[in-house]
Amino acid sequence: VSDKMMDYDPNFKLYFITRLPNPSFSPELQAKTTLIDFTVTQKGLEEQLLGKVISKEQKALEEQLTQVLEEVNANTKSLM
């Protein structure tokens, strides 16, 4: 906490729950977390699951996708 070193358990998990239909997170946070929307349509669920499969099967494609999403978010912010 602050400038002090803390012990860290690699099994630690933190879950956030929101009632917002489409929460907005920074690209940095999106790259470090997994967002699962349980109110999705079948098409949306297919896309989420495909993303999970790609991240497990082909890490390079997932990294490229993350980079493109970060660029899209940055460009969107600059337009606003």
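Trainee: At what angle do helix α2 and helix α3 pack?
Mentor: Axes are lines fitted to C-alpha atoms, for helices over the stretch in contact, and angles run from 0 to 180 degrees between N-to-C directions. In this predicted model, α2 (residues 42-57) and α3 (residues 59-79) pack at about 125 degrees, with axes 5 Å apart. α2 is therefore oblique to α3; angles under 35 degrees count as roughly parallel, over 145 as roughly antiparallel, 65 to 115 as roughly perpendicular and the rest as oblique. Helices are DSSP runs (H or I, at least four residues), numbered from the N terminus.

Trainee: Which residues make the contact?
Mentor: With contact meaning heavy atoms within 4.5 Å, α2 contributes Gly-51, Ile-54, Ser-55 and Glu-57, and α3 contributes Lys-59, Leu-61 and Glu-62.

Trainee: How much space lies in the largest pocket?
Mentor: Rolling a probe the size of a water molecule over the atoms shows where empty space is left. A pocket is an open set of points on a 1 Å grid where a 1.4 Å probe fits, with protein on both sides within 12 Å along at least five of seven lines; lining residues have an atom within 4 Å of a point. Here the largest pocket holds about 2,000 Å³. Its lining has 42 residues, and Gln-30, Thr-33, Thr-34, Leu-35 and Ile-36 are the closest to the centre. α1 (27-32), α2 and α3 each give two or more residues to that lining.

Mentor: As to conventions, residues are numbered from 1 along each chain as its sequence is written. Local features need pLDDT of at least 70, side-chain atom pairs count only at pLDDT 80 or more, totals for chains, interfaces and linings use all residues, and side-chain values use heavy atoms, with hydrogens and water left out.

Trainee: What pLDDT does the protein average?
Mentor: pLDDT is the predictor's confidence in each residue, from 0 to 100; the average is 81, and 95% of the residues score at least 70.

How values were computed
Grid points are joined across faces, edges and corners, and a volume is the space filled by probe spheres set on the points.
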